[in-house]
Amino acid sequence: MLLGEQEQFLSYNGEVLIFQLSKTKHMEGAADKTVNLHVRRMAFNRDTKLFVQKSSGVFSMHASHLKIEIICCSCTTDSRTGIILPCILMKKKKKPNVVKYLLLLLHNSNQFEQSFHFKLDYELKEDIRLITGPSVLWRHANKLFYISSNTCTVLSAPVQLSSVVWTGEIEDEGTVVLGIRTACLPESEDEDEFSTSDRAIWGSEFFGYAIETQKILTGTCFMPHAYSRVVSSVYICKNETLKKQLQISLVAITHKNQLIWFQDGLPKGVCELPYEKPCSVKTAVISSNDLLFVVSFASGNVCVVQRRDSLQVASKWQKVKSVLVDDFIGSGSEQLLLLFKDDSNIDVLSTFEITDLGEVNYASGINYKHDVSAAEELQENGLLTVQALETRLQAGRTSVRELQQHLGLKKRVILESCRALINLVEERTHILPSAKEVKCRREYRSLLNSAEPFEGLVSLWDDVENPPHSLSKETSLASKVPEHFKEQLWQRVVGDSLVVGVKLTESFYLSLRDVSLSLVMDQDFSSISPIIECRNKIIKLNKAFSALAVSSCHIEPPPKKMKLDLHSKKDLKEECPKRCSRVQLGGAKTVVAVTSLSPLLAFHRVCCIVLLHAKKQKHRNDSLQDSKMITVLCGKIFLSLEDISNGKHSVKMLRDNSYCTGSMEDILAVLAVSVRFSFQIVSSDCTLTPVNSWLLGEMECTPFKECHDNIFCHKAGNVYGTVFNWTLKNPFEGVLTLFCRNLTVLFQCLHSLTRVLPPSCDVKLLRSGSKGVLTEQLALALEKEMLTLRSSFFSKESKAENSLTWGSEPGKKISDAPMASLLDSEEGVQQFRKKLQNEREESVLSMNQTMNGARYQEIALKIAEAQLSSDMIVWRLS
């Protein structure tokens, strides 16, 4: 091969790297003393359907009277940074007995780095591999040698082998070399006992050698002993250790022109290859998640074997110069790039094909422009799309008007519900207006030409003798609450927010679920709602205070369906934008509510009633029974401008010996009014030590005494009061959680952080809530919804069977005579027809049953609660 003709191709991050050697041209008579190694980065353009050059680089080598060649190239891991980089092994032949080898690394900036070099008294020709380190591994005289960037010394492995079929990483073993060696037969065996065929099979064996641990792996975990004689190349698709047992899936090609699939050492499938002398095999995962095996042959042919029900050849090509596997079109899955031999074109990328044996299929020399008819069809489809969108817009406007009317009715329902709630807390009987009163009020408003007719709130169950979940039942449940159910009622003012907390006793809290708080103004205002609007968060602190997490309880999705939920846990949460918080703190349980302070101070002095809502769990025979709603009066809080001006309820965070002081109520108040953001920070070049220095230095943070992992920012300005949590997964990856008041503070913190992070760092915002956990919750919610619907249906059917009076007149009951006897005569046929008609009428009646209001209300409440739960989880997953 001439120097100018040397080319090597390598795929890296969806790009094609072309390495070429060339000599520098000098004036006539001057000797060539410099050889340049050029690299071109080529990327596929989906618009032009051609490969275009993105960038290039060059590496110059002094080569006076030297013969320089490219031995091989591959992508390997740099042990210093853990980044996969292209590696090129070069050869400089000085003298007949001295050969110098040079290993180069190519960085993203197209700069070449000399990793190491070494000299040998022979040339590398057999089983040359570039592995993690980077390291060079080869076979010579049936011995295994390797050299790495860490040692820069040629080492010899204490094994004898006739060929190397695979090198790579195996779990818990590190870098492993799979090879074939001469089998060690027992000396006591008589040589005459082995036939020629037996000696051919048992004369060699397959084995693995772990370089780091110098450990020999038995070959039976890869494939049966008999295959070692015919296997020429192997590719391990999957390896893992389960119960200290190595489990491996691999594919192997043989001298018999076969491809065999092995699972845990046993053959699972075989495929005959279309060409002779297969030399290598690699895999590709395409868009349909199918696994393809790409087999290259010594003749320059390539075939693809697909593994579905069985192994079968899916496609094949001839005169292929090189085949690469990567995501060349940026679709998120892999494709095959076939570079064909073409003597007429100098540029090898002028004749190519990109395919995944499915939807992706690009080839050079094909015109992809659309014809005129296709453009006209596209224009017609666009007009039809516009018409459909106009129809949807009109339907949307109608839906908006209906929603506005519903919101107006909902507001009036909320006001009447608030009055009922206040009467319930103060143990007064709330009397709903009768239908006659509602009618009179509506007529009175109509006479005044009101734009919005008045609609009163009447009971839907006036005629029900025993309405479920009545107010009297809630009052009786509230009376069963123990006297000492709370330990403390506290309040804090943080900026423009009021935080109210109720610390519950352990025994009382354990018997509750779905706990929340409501703040109700004690004053009687006719024009405003007495229920105070609150925001919703959930804060959790573990007993050791070593971890802290704040996750927002998501508000209802805007396009939520209207559902009946008057007696569920959302009585107040759904009808007004009130939200509460729960705080789990070791053995003490604290429930927290957050609301805006400024609207309350407009009244100068405010007294608020604090209500606790929860479901009381009943345990019977060591099993959890249905829970019932309770409402408990926790006490009252008082606010005035004078107290707030004097800092009576303010949060106090001071420094004391490198720690941040403050009561637990202060910490909970700060977290409750903050918004939580989590960022994953990944560094590819260096460790993340600057983050901790930035927190303790520039941001002036100090850890809490109660929870050291969380630190409080004392820096003057907007960022004061921000809480940070920095957790390192490894020296190159960590998660930074910020609890800040608003987005402005967040942007200021991130701007300050980016100035100390290396430019190569990747900062990614993490979504709240694990997708796997939400998916599991959705499955449980859908199961509960299905069971609720089924139980409601079967309950209705069973009650219908007991209460229904069928249409057959008494005294005219048809006897159960055999069908054959009825059909023997005309009178029997008429009798059978009448019986059939009666059964049809009975079936129609059973399909149109009615039920009383109490039963319908109970079923509707159960179904609505189950559907609301599943709808919320679906919205969070979307």
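Start with helix α8, residues 664-673. This is a predicted model, and in it 10 of the 10 residues of α8 are buried, so the helix is largely enclosed by the rest of the structure. Run along it and you pass Met664, Glu665, Asp666 and Ile667, all buried. Leu668, Ala669, Val670, Leu671, Ala672 and Val673 are buried too. Note that Glu665 and Asp666 are on that list.

Now helix α10. It covers residues 743-754, 12 residues in total. From first C-alpha to last it reaches 16 Å, close to the 16 Å expected at 1.5 Å a residue. Its N-terminal end is capped by Asn742. A side-chain oxygen of Asn742 lies 3.2 Å from the backbone nitrogen of Thr744.

Which residues of α10 are buried? Val745, Leu746, Cys749, Ser752 and Leu753. Looking down the helix axis, these buried residues fall within an arc of 135°, so they line one face of α10. Phe747 and His751 sit on the other side, and they are exposed.

Is Asn710 buried or exposed? Buried, with a relative accessible area of 0%. Its side chain makes a polar contact with the side chain of Asn725, at 2.7 Å.

Step back to the whole chain. There are 878 residues, and 41% count as buried. The chain has 14 helices and 48 strands. Take the contacts with a separation of 6 or more: residues 24 or more positions apart account for 55% of them. Accessible surface comes to about 49700 Å², with 52% belonging to carbon and sulfur atoms.

Last, confidence. The chain averages a pLDDT of 76, and 73% of the residues score at least 70. Two stretches to flag. Over residues 443-456 the pLDDT stays under 50, and the model has 10 contacts beyond four places in sequence for them. Over residues 542-587 the pLDDT is below 50 as well, yet this stretch has 136 contacts beyond near neighbours in sequence. Where pLDDT is low, predicted coordinates should not be read in detail.

That's my tour. Over to you.

How values were computed:
Residues numbered from 1 in each chain as written. Predicted model: local features only at pLDDT ≥ 70, side-chain atom pairs only at ≥ 80, totals over all residues. Heavy atoms only, no water. Buried < 20%, exposed > 50% of the residue type's maximum accessible area, 1.4 Å probe, protein only. Polar contact = N/O pair within 3.5 Å; in protein donor to acceptor, adjacent residues only side chain to side chain. pLDDT = per-residue confidence, 0-100. Contact = heavy atoms within 4.5 Å. Helix = DSSP H or I, 4+ residues; strand = E, 2+ residues; numbered from the N terminus. Expected span 1.5 Å × (residues − 1). Arc of directions from axis to C-beta. Areas by Shrake-Rupley, 256 points an atom, 1.4 Å probe, with all protein chains shown as cover.
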